[in-house]
Amino acid sequence: MEEVCEGKFFSFPKQEVKILDLWSEIKAFETQLKLTSANPEYVFYDGPPFATGLPHYGHILAGTIKDIVTRYQSMNGFHVTRRFGWDCHGVPVEHEIDKKLGIKTKDQVLKMGIGKYNEECRSIVTMYVDEWEKVVTRVGRWIDFRNDYKTMDIGYMESLWWVFGQLYEKGLVYRGFKVTPYSTALKTPLSNFEAGQTYNDVSDPALMVSFPLVGDPDNAALVAWTTTPWTLPSNLALCVNANFVYVKVKDKVTGAIYIVAESRLSQLPSKKTKAETSNVVQDGKKSKSKRSSAEKDGNDTGSYEMLEKFLGSSLVGMKYVPLFEYFMEFKDTAFRVVSDNYVTDDSGTGVVHSAPAFGEDDYRVCVVSNIIQKGEDLIVAVDADGCFTEKITDFAGCYVKNADKDIIKAVKKKGRLVSLGSIMHSYPFCWRSGTPLIYRAVPSWFIAVETIKEKLLESNKQTYWVPDYVKEKRFHNWLENARDWAVSRSRFWGTPLPIWISDDREEIVVIDSINKLEKLSGTKVTDIHRHNIDHITIQSSRGPEFGVLRRVEDVFDCWFESGSMPYAYIHYPFENVELFENNFPGHFVAEGLDQTRGWFYTLMVLSTALFGKPAFKNLICNGLVLAEDGKKMSKSLKNYPPPMDVVDDYGADALRLYLINSPVVHAEPLRFRKDGVYSVVKDVFLPWYNAYRFLVQNSRRLEIEGFPPFVPVDLNSLRTSNNILDKWINSSSESLVHFVRQEMDAYRLYTVVPYLLKFIDNLTNIYVRFNRKRLKGRTGEDDCRMSLSTLYHVLVTTCKVMAPFTPFFSEVLYQNLRKACVGSEESIHYYNFPCVGGEREERIEKSVTRMMTVIDLARNIRERHNKPLKTPLKKMIVVHPDTDFLEDITGKLKDYVTEELNIRSVFPCSDLKEYAFLRAEPNFSELGKRLGKSMGAVAKAVKTMSMADIEKFERSGEVIFSGHCLKKTDIKILRDFKRPANVKENEMDAGGDGDVLVILDLQTDESLVEAGVAREVVSRIQKLRKKAGLEPTDIVELYFEPLGNNKDHFENIVSSQEQYIKEALGSPLLHFSMASPATVIIYEETFHGISEYSFSIRLARPTLKFNVDAVMDLYEGNQKFAEYLQTYLLSRDHFSLKLEFQAGNGKMKVDCIESLPPINVVVGKHFFWTVGEYYLSKAK
């Protein structure tokens, strides 16, 4: 493995760019697909975005979710085809061309030519494709852009025709009317997107109109309020809310009797008598009469006498006198009261006048109430220019908005005007012409969704959603209230409806394939956009005298195109029949919460209508990514950092983990914080990298120190290790694999990062920290290789597990790790996902977790009593009823605990009564909701439990209070410290977490002072190494020189603590008097007042130490020759010289010194690599 830099110098973004180059060079994605080509298919549907805009955080989030799942499934034994898709048709594209060409009207398009216009649209569809590919690739998503699908491809469009043809054959297609925003200036309906472009504040008339009820004994009239007088001539019904209370009131002045919602009574106009409205003379002056606040508003409930109250439901079915007589042919079904919950009481009178041709809710309510029939022609009494037709005889040819005044006059003349005012409100305007829009019914083709509603609900039950509440509530409710779907649009750039119809509308042919169209028309078809097929006619099957059938002008709604994606992207059923039929429903889809009413819905409708089952099995629904202030991300406000800036600063992997470790993955909003991405780097990647770097450094150390290169021990051998932390980390790795598999199989991506965080924290702060001596080779070569191999395999396993989540970083680490293992795969992404194969040691995992708790509790006790870790303590007592744990903590784990806490001895205690008394506390978070009012009594009973009660409860696992059975999760058992008699708090103290109780003996002991001084010395040397800029693998000689009056005492301490110092530093600490004349000092520092001692520390380059007598023997006592040999060896590079001796098994022939005879030099006999080695050999 190659050396790696410190974490602070490691650039995650730059390394990711290198990995992108590697993937490109080895064709990693393509290779993975080939390697898995024989595996079962995992079908993933990627919803197509529009390519007329750049990708934002919402796209990156959804793309990351899709990439993680598909990468995981690829590693899990499946072949996962991933093709990018593009939504090419519809308003966004036309909008761009209209802006580019300055088009404002439908006539301009027709004059220009539909063909020319559509080709302009085609030319910009792929405007941002390169930018999309760049961003999607940079964030690590593997998806095929070369073999992408486009909704404008002829194969895709032909499949749409087939889908529609199937629906038509099933009787699910009909022609009806859809009320849409309509531009009278452009003579065309607009999409909701276009209608929402421009809103202006305008003043419109606001009038109340009376509608006398037929046969009412009081001659009462319903009062409706409207701001669109021009719709009154087309009135066919009045709508109330069946659940509201309505009142019948009498005007005290006029005697008129009205019916309105009780909550809106105050809105009726007040009418004053002459005396009430005249001025009053007081003190010879005219004074205005005082009025109530209601009167000041123009409304006065005191002007009306209450006659009766009743529910709105009692009004339903009543007939009323029409305001105009233009639609008397509907008198048998129309001009009656209907009800619907869309009627609110926040404005108007609680009575809404319904003109089905000019209001979406009006049309719906009138159809439901059988005022009109949805499949039949609707009389729309306003033409394409917005003028009344001849049907409205009194106002024929008049533009509707201009007719408002004349209509109001007519209403007043009929005695039906109750009040007249004006209202200032926000109103939609045509973004092209600047004229006000109207809502107008236009002929449309519908899918009869309402007839398959029960099937839709059943299909929904067969799907699995994350989070499930979106499926069970939001989506279920949407399906339950599903309405027929208008799939036709009056536009140019889209997939044309394949409907050919005769002039008399008696004959309809639905084309479901290009081949069928060519056969029926005799025309060769190469493209099926409007300009290429609108001219094609089909001869009537009834005979020549009936002429020809022509295609209807409409194109498909874009949602119909995207909802057909599972079939159209593979050109089913014209190709890939076996692929589709063996793998439908698809395995997985993922998009944002807004798609519950969009793509998820259309997928469900079409698949259920076609096949009686859902289009997908599993779904992840994400929430919205908002700016940090909680507002919608806005380019104009610049309230969010550009995605690529974040990637360039912190890397794509950090952004990926930040997004999936947030509420947004379970359909909740995320306030995006750039600092949050940095936290991922700091908390996840840097600790992970440091553990990896530690492995690399210490595996290279073996070679530097003259041992054979590091080759990891095989897994089976590793599992035989007797080291408890080896067993623990191997078991923890198995648990990681098990957990991630379990969560990924359940599509719960958001649970993985917290678990990974804890695992990496354990790896670095437990395994690496507590095993430093082993990993650095201070417990022998074999033990070092065992621990390094364990760390190696854990890191490789972690890389494999995290490869779907962090594809770049996993690859960076793996590419270096694989150099130590012959026969490794070329990429981490070619491996299968790890299986749970090894044995999981639950006891060990639990014991190590408790050990860390013990260490934390002991540290807290030290802090409370100002006893730093450098101060040795005599003993610690661990109190716990689990004898297995006590055996582990005082046995296999003891050395780790004593070294970490600087404690001489650890004693177990399973008798809780000796050092602790038990106390019970209710778990309010568990019990609160369940017990309600009984909580107080139960809590009191729990708190008064005796030691015997608690012990009995711990044995049985349950207890009953006030009729409620409480389990172990309902009661917290706390172990409080019981200090022995005659022992003060500063002599012994304890800490617990309700599970483990830790007791520290805090009394000072002179015998421990020397160990404390030794720890101080070691600490200073370690800091000095960092100051000198040394790497952990850099070997130096360590020298000390005592200063001051107590030199001898300090030397004695260093001597008595020699073994500890050597183990802590990896080499002996030598008196400076032992330094060779050739010693080169690279750093030194003097310390004063360290536990009352002063001394200097010197770091020196390793220097050869010669056995002068043995060297003299080589040359038969010739001192000059011996000096020449020493000079020669000292002049050689230390590392290369070591390699030569290593190659000769510790021997080397020296025959290159002029005039000297050749001799064989032996390491350990004639010289030593360092002064320290020489000293240790003498000590032995």
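This briefing covers the domains, nonpolar cores, helix contacts, selected residues and backbone geometry of the chain. The model is predicted. The domain assignment gives six entries, from domain 1 (203-268 + 301-427) to domain 6 (1105-1179). The largest nonpolar core has 131 residues, and a second, separate core has 72 residues.

**Domains**

- The assignment places domain 1 at 203-268 + 301-427, domain 2 at 677-840 and domain 3 at 841-915.
- The centres of domain 1 and domain 5, taken over C-alpha atoms, are separated by 98 Å.

**Nonpolar cores**

- Within the largest nonpolar core, of 131 residues, the members with the most contacts inside it are Phe 672, Trp 688, Leu 725, Leu 817, Met 851 and Met 876.
- Helix H24 (residues 674-704) supplies the largest share of this core, 13 residues.
- Domain 2 (677-840) and domain 3 (841-915) each contribute at least three residues to this core.
- Trp 688, one of the residues with the most contacts inside the core, is in contact with Ile 760, Leu 795, Thr 798, Cys 799, Met 802, Thr 806, Phe 809, Ser 810 and Leu 813, leaving aside its neighbours within four places in sequence.
- The second, separate core, of 72 residues, includes Tyr 567, Phe 584, Val 589 and Trp 599.

**Contact of H23 with H30**

- The axes of helix H23 (residues 652-660) and helix H30 (residues 807-817) come within 7 Å and cross at roughly 130°.
- That angle makes H23 oblique to H30.
- On the H23 side the contact involves Ala 652, Asp 653 and Arg 656, which meet Pro 807, Phe 808 and Phe 809 in H30.
- By class, the residues of the contact of H23 with H30 are 4 nonpolar, no polar and 2 charged.
- Phe 809 of H30, which takes part in the contact with H23, is also in contact with Trp 688.

**Contact of H27 with H31**

- The axes of helix H27 (752-770) and helix H31 (residues 842-864) come within 12 Å and cross at roughly 90°.
- H27 and H31 are therefore roughly perpendicular to each other.
- Ile 766, Arg 769 and Phe 770 of H27 meet Val 848, Met 851, Met 852, Ile 855 and Arg 859 of H31.
- The residues of the contact of H27 with H31 divide into 6 nonpolar, no polar and 2 charged.
- Met 851 of H31, part of the contact with H27, is among the residues with the most contacts inside the largest nonpolar core.

**Selected residues**

- Thr 764 lies in helix H27 and counts as buried because its relative accessibility is 15%.
- Not counting residues up to four places away in sequence, Thr 764 touches Pro 687, Ala 691 and Arg 769.
- Arg 975 lies in strand S34 (residues 971-977) and counts as buried, at 8% relative accessibility.
- Not counting residues up to four places away in sequence, Arg 975 touches Pro 881, Leu 912, Ala 916, Phe 917, Leu 918, Glu 954, Gly 994, Asp 995 and Leu 997.
- Arg 975 and Phe 917 are 58 residues apart in sequence, with their C-alpha atoms 5.8 Å apart in space.
- Leu 1114 lies in helix H41 (residues 1108-1114).
- Not counting residues up to four places away in sequence, Leu 1114 touches Leu 1125, Ile 1159, Asn 1160 and His 1166.
- Leu 1114 and Pro 1158 are 44 residues apart in sequence and 9.6 Å apart in space, C-alpha to C-alpha.

**Backbone geometry**

- Most residues other than glycine have a negative phi, and most peptide bonds are trans.
- Val 466 and Pro 467 are joined by a cis peptide bond, with omega about 0°.
- Pro 467 sits in the loop between strand S17 (464-466) and helix H15 (468-480).
- A cis peptide bond also runs from Tyr 572 to Pro 573, with omega near 5°.
- Pro 573 sits in the loop between helix H19 (565-568) and helix H20 (577-582).
- Asn 576, in the loop between H19 and H20, has a positive phi near 55°.
- At 36% relative accessibility, Asn 576 counts as partly exposed.
- Tyr 747, in the loop between helix H26 (724-745) and helix H27 (752-770), has a positive phi near 60°.
- Tyr 747 is buried, with a relative accessible area of 6%.

Key:
Residues are numbered from 1 along each chain as its sequence is written. This is a predicted model: local features need pLDDT of at least 70, side-chain atom pairs count only at pLDDT 80 or more; totals for chains, interfaces and linings use all residues. Side-chain values use heavy atoms; hydrogens and water are left out. Axes are lines fitted to C-alpha atoms, for helices over the stretch in contact, and angles run from 0 to 180 degrees between N-to-C directions. Helices (H or I, at least four residues) and strands (E, at least two) are DSSP runs, numbered from the N terminus. Angles under 35 degrees count as roughly parallel, over 145 as roughly antiparallel, 65 to 115 as roughly perpendicular and the rest as oblique. Contact means heavy atoms within 4.5 Å. Ala, Val, Leu, Ile, Met, Phe, Trp, Tyr, Cys and Pro count as nonpolar, Asp, Glu, Lys and Arg as charged, and the others, Gly among them, as polar. Buried means under 20% relative accessible area, exposed over 50%, partly exposed in between (1.4 Å probe, protein chains only). Domain bounds come from an automatic or database domain assignment. A nonpolar core is a set of buried Ala, Val, Leu, Ile, Met, Phe, Trp, Tyr and Cys residues joined through side-chain atoms within 4.5 Å.
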